[in-house]
Amino acid sequence: MKHIVIRGGHRLEGVLPVQGAKNSVLPILAATILHPGTTVLRGCPRLSDVEASIRILRHLGCDAQWQGEELVVDASSVSRWDVPDHLMREMRSSVIFLGAILARLGKAEMSYPGGCELGPRPIDLHLSALRKLGAAVEEKGGRLCCEAAALEGREIALSLPSVGATENAMLAACGARGETVIVNAAREPEIVDLQNFLRSMGCTVRGAGSSTICVAGGQLTKDCIHTVMPDRIVAATYLSAAAAAGGEVELTHVDYRHLSTVTAALHEAGCRVIGGEGRILLRSDGALKAISAVRTAPYPGFPTDAQAILMAALLKSRGTTVFVENMFDNRYRHVDELCRMGADISVADRVAVVTGVPRLSGATVRCTDLRGGAALMVAGVSAEGETCIEDIHHICRGYADPVGDLAALGADIRWEER
Ligand code: EPZ
């Protein structure tokens, strides 16, 4: 089995470019089937979730190949409308293919994505959006069967600014007759990147980044080239690691505005953070202080995906920090693993109270989910001794080269077979 082994205590120094965004490229890969032609994606991160999406595209009849650092998808002949169970189980967010398959073929079938490590992951908002556009959606025997002779543009009001439901509605709306207006849409930067991709493919989409998105369906699409936006959560991970370990790190190929709530928290904890055009510089003496309460919220609020990561950075801070996880029911599974390293964290329902301790000790710990695994890396670089991180497949879902990246910044980190 492959593990990540970190020997903490080293300051992090250097300049590092940030990989492309997982949560942008996944909906964009689904969107490639809207066009019966070729799409070239640049800056596409090599992640297991991307490989899972490629397997789905190939199953549907597309040709998807890496050509050097570019991912080229030819969706000229999409012939299947079903996503088989084994592919759905590989990646929960495969549900994002639903709207695109429906728009292209008029029908779509897949197993119910079900929950994941973060707790139940309902898709009621996805399904109600597709029904609003005229799709008949049946849920039987754990499978979703959708049919739509013709999708019709409508107003879709989301009761929650769901990222996935917004993306599914946008993709289905591209195949609808007339205009669709999505009200209370998610405002994440990844939605803006999806809009930019759809526009480069010839679709008429506007309003992404605001709560109201308009899509004019039925546009003629064309071959296009798109560069995937930088991953703001990967950026938050490496800044948090530098904050905890101490040092001076500059991230490039990053939009500092996309993670301003995270950099504000790191600044409050005592780091110097300077955001510039395409770059963020962080300096830390490693002696952080506790900060005011961290409450996760839809963008532009504090990102739930950075909750575990920031928590790991504050484990040795002076004082007590309160976290409130408002987005998912089960997003503190990393806490027990951090406590194995000597952290002092108590959890009650949605609240986690982190009291700083003088030191962390390396230990053998287990990834519970993607960002929980990232938090273990942040804790490992600031712990005394050696940390061995198991079940690292969770980390590989969202980080293209975590060992290479952190080693480039001076961390003593390696892959190890055990
Ligand atoms: C996306 O998940 C991201 N995943 C998640 O990142 C991220 O944590 C999340 O958005 C919130 O920012 C991808 O983009 C692939 P939601 P998604 O729909 O779309 C509830 C990571 O670590 N909800 O915005 O599934 C839901 O239960 C991953 O990279 C419904 O009730 O998130 C949750 O409480 C983890 N009904 C809240 O909305 C629905 O139909 C937000 O979920 C849909 C969602």
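The model is a predicted one.

**Stop 1: the ligand and its shell**

Select the ligand together with the residues around it. The shell holds 22 residues, and D124, L125, S162, D305 and M327 are the closest of them. By class, the shell comprises 9 nonpolar, 6 polar and 7 charged residues.

Next, colour the helices that contribute to this shell. At least two shell residues come from each of α1, α5 (124-132), α6 (163-174) and α12 (370-381). Which helix gives the most to the shell around the ligand? That helix is α5, which supplies 3 residues.

In K22, an N or O atom of the side chain is 3.1 Å from an oxygen atom of the ligand. R121 places a polar side-chain atom 2.9 Å from a ligand oxygen, and for R371 the distance from a polar side-chain atom to an oxygen atom of the ligand is 2.9 Å. The ligand taken alone exposes 830 Å², of which the protein buries 86%.

**Stop 2: helices α1 and α7**

Select residues 22-31, which form α1, and residues 189-200, which form α7. Two packed helices are described by the distance between their axes and the angle between them. In this pair the axes come within 9 Å and cross at roughly 30 degrees. The crossing of α1 past α7 is right-handed.

Show the side chains at the contact.

**Stop 3: W66**

Centre the view on W66, which belongs to strand β4 (residues 63-67). Leaving aside residues up to four places away in sequence, W66 touches C44, P45, R46, V50, E51, I54 and L71. With which of these does the side chain of W66 make a polar contact? The partner is the side chain of E51, at 3.0 Å.

The C-alpha atoms of W66 and G373 are separated by 27 Å, and the two residues lie 307 residues apart along the chain.

**Stop 4: two loops with backbone features**

Select Y299 and P300 and display the backbone. Is the peptide bond from Y299 to P300 cis or trans? The bond is cis, with omega near 10 degrees. P300 is located in the loop between β18 (294-295) and α10 (307-313).

Finally, move to D349, in the loop that joins β20 (344-348) and β21 (351-355). D349 has a positive phi of about 60 degrees, although it is not a glycine.

Methods. Residues are numbered from 1 along each chain as its sequence is written. This is a predicted model: local features need pLDDT of at least 70, side-chain atom pairs count only at pLDDT 80 or more; totals for chains, interfaces and linings use all residues. Side-chain values use heavy atoms; hydrogens and water are left out. Axes are lines fitted to C-alpha atoms, for helices over the stretch in contact, and angles run from 0 to 180 degrees between N-to-C directions. Helices (H or I, at least four residues) and strands (E, at least two) are DSSP runs, numbered from the N terminus. A crossing is left-handed if the near helix is turned anticlockwise from the far one by less than a right angle, and right-handed if clockwise. A residue is near a molecule or strand if one of its heavy atoms lies within 4 Å of it. A polar contact is a pair of N or O atoms within 3.5 Å; within protein, one must be able to donate a hydrogen and the other to accept it, and residues adjacent in sequence count only if both atoms are side-chain atoms. Accessible areas come from the Shrake-Rupley method with a 1.4 Å probe; for residues, only the protein chains shown count as cover. Ala, Val, Leu, Ile, Met, Phe, Trp, Tyr, Cys and Pro count as nonpolar, Asp, Glu, Lys and Arg as charged, and the others, Gly among them, as polar. Contact means heavy atoms within 4.5 Å.
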